[in-house]
Amino acid sequence: MAVKNRPDEFFDDLEAMSPGAREKYQIEKLALTVAHAYRHAPAVRDTLDKAGVKPDQIQKVTDLQKLPITRKTDLIERQKAYPPYGGFSAIPPEDIDRVFISPGPVYEPIQHEGIQWFAKAFWAAGFRKGDVVVNTFTYHLSPAGILIHEAIRDCGATAVPTGTGNTDIQVQTMHHLKATGFVGTPSFLMTVLKRAEELGYDVKKDFCLKRAWFTGEMLAPSLRKTFENDYKIDTYQAYAVTEPGGALAYECCEKSGMHLMDEYLIEIVDPETGKQLGPGEVGEIVATPLHNRNWGLIRFGTGDLSSYIIEPCACGRTTNRLTGILGRAGDAVKVRGMFVIARQAEQVCLSFEPVARFQIAVTRHEQRDEMKLKVELKHELSSIEKQKLSDELSQNFQNICRIKPDTIDFVPTGTIAEEQPKIVDERTWE
Ligand SMILES: [Zn+2]
């Protein structure tokens, strides 16, 4: 297997395609993907036939909107009805070299040969030949461990399959092998570092850990700072989803959004209508694998919410970038056509020092959605200061959530309990 060792930062030529070349590439791959899946995966044939769409009617990315979103629950139901693969397998059974199992259960037939693109996410994080990387993702009953192991190898680095848990053994292994890389969740790395300190190690002196690659859990900015400033560990995150087959987006050295992987066609859609949304609009991430012929998965709805940006990245990669995972489709409340997500609202409100707690109430008045923001302060402010805070909050809300609260009320301390939901939908639909 060819190991990439080019002096430049890109894993392959796709990462720096011009917008015109990318459009052409996507259209070609999409047509091939849909035609192949229609021919070989009965579930896809069924979906297209029911939608009254012929494979050759999917010519452009926008044509995908003619097809429904397939969700994890659909996979589970279809696999129950048509075991074992629910009609989604698009290769002959004897060509399947492994079957991944993910919770559901969902059985995913894989012919792994030639799958190298997952490595791009590790390459962008700087993993190279000479690195020794502990892979703390589980190696059984989940695709994560093995897929990531192979991706680390495809970057030329040495992979150490430690799997999850066993904190003391992880500490010992990283110390003995002089591990330079960690792959896992941010919280598990923190657990390992704290345990190392309890055991008397000075992580910066006694360990060689240079970089960490995370997925499966949000990397909180405060935790990132701790890793990077206190422990001198460079951190990268990626967005990976099991069903469409791996990492869909990954950070580069700029750490400003996650580059979309060109091996998938990623749409951001309104989860209720399936309509594609534009840059900056928050919606559900929907993925269609363009290179994975094993699996006839067209328009897989991940249930995760994000938005994308189209501005060029200083690293030179030309793909659009996801702005981060903002929540789950069920957690969002649509206000005047825009999704308001608790995590985003929290990001806005808690960036102001005087704000202790907040709650959003959405009501409906004369056929118009109204958003009220209740704010509890850490300390009392003068009315001029409150007005200033209110104006700035409102503007930041507009910048981040793309919608302004109709009113901002400062409420007495103790009004909003810790366990209360951040967003309350009080609308009644009559
Ligand atoms: Zn970049």
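**The zinc site and its surroundings**

Colleague: What is the geometry at the zinc ion, given angles of 104 to 112° among its four donor atoms?

Modeller: First, this is a predicted model, where local features need pLDDT of at least 70, side-chain atom pairs count only at pLDDT 80 or more, and totals for chains, interfaces and linings use all residues. Residues are numbered from 1 along each chain as its sequence is written, and side-chain values use heavy atoms, with hydrogens and water left out. Four donors (N, O and S atoms within 2.8 Å of the metal, or 3.2 Å for Na, K and Ca) count as tetrahedral if all angles lie between 85 and 135 degrees. With its angles of 104 to 112°, the zinc site is tetrahedral.

Colleague: Which residues coordinate the zinc ion?

Modeller: Their spacing in sequence is C-x6-H-x53-C-x1-C. At 2.1 to 2.2 Å, the donors are Cys252 (SG), His259 (NE2), Cys313 (SG) and Cys315 (SG).

Colleague: Is histidine 259 buried or exposed?

Modeller: Buried means under 20% relative accessible area, exposed over 50%, and partly exposed in between (1.4 Å probe, protein chains only). Like cysteine 313, histidine 259 is buried.

Colleague: Which residue in S15 does histidine 259 stand opposite?

Modeller: Strands here are DSSP runs (E, at least two residues), numbered from the N terminus, and two of them pair if DSSP finds at least two bridges between them. S10 and S15 run antiparallel, joined by two bridges. Opposite histidine 259 stands arginine 321.

Conventions
Four donors count as tetrahedral if all angles lie between 85 and 135 degrees; four count as square planar and six as octahedral if opposite donors are over 155 degrees apart and all others between 65 and 115; anything else is irregular. Helices (H or I, at least four residues) and strands (E, at least two) are DSSP runs, numbered from the N terminus.
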